[in-house]
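The sequence and structure come first.

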Amino acid sequence: KAEAKAMDEQRSALRLALLARCAALGAAAAANDASSAAFVAAAREMKQWVDTPAALAEESDRDAHALALARYELAIGRRGGALAALRKRIAAQPATAGGDEAKELTRELVALCRTCGWEHWAANLEEGSAAKFPKAVNPI
């Protein structure tokens, strides 16, 4: 049992390392097409070890996983897959989710809708985002 627990910890650490690598390369690939091939390879390797978001323990890691998958789908030319990955994760988020990752998912979805030419969807998502993530106002 101790060996099984140690192996689970190693698998978890490997999943997190692959996710971090994919997230870093995904951000670079979004800015530069030259690093796109390295990102696609990293994402494919991550997908072998992280087959479902349930394999990750933290909600923020699940958000990062969805963002990485969406960027991977865009990198290989599948906008529909990227849209599905983002919408699925946003729907699965707990009601208390309000971190930077949750906001980043919504921003990525808005940008994807705009690239598809769905301006009305993007505007609707922005309105929903403003309601879900209100800006803090200093009381006077």
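Is Trp-118 buried, partly exposed or exposed? Trp-118 is partly exposed, at a relative accessible area of 31% (buried is under 20%, exposed over 50%, partly exposed in between; 1.4 Å probe, protein chains only).

## Basis

The model is predicted: local features need pLDDT of at least 70, side-chain atom pairs count only at pLDDT 80 or more, and totals for chains, interfaces and linings use all residues. Residues are numbered from 1 along each chain as its sequence is written, and side-chain values use heavy atoms, with hydrogens and water left out.

## Aromatic pair

There is one aromatic pair in the structure. Trp-118 and Trp-121 form this pair, which is tilted, with 5.1 Å between centres and 50 degrees between planes (rings of Phe, Tyr and Trp, its six-membered ring, pair if centres lie within 6.5 Å; planes under 30 degrees apart are stacked, over 60 edge-to-face, the rest tilted). Trp-121 is also partly exposed, at 36% relative accessibility.

## Helix 5

Helix 5 covers residues 100-115 (helices are DSSP runs of H or I, at least four residues, numbered from the N terminus). Its 16 residues should span 22 Å, and the end C-alpha atoms are 22 Å apart, which agrees (expected span: 1.5 Å times one less than the number of residues).

The buried residues of helix 5 include Ala-102, Leu-105, Leu-109 and Leu-112. The buried residues of this helix pack against helix 3 (59-75), helix 4 (79-92) and helix 6 (119-132) (contact: heavy atoms within 4.5 Å). Just after helix 5, Gly-117 has a positive phi of about 90 degrees.

Terms used:
Helices (H or I, at least four residues) and strands (E, at least two) are DSSP runs, numbered from the N terminus.
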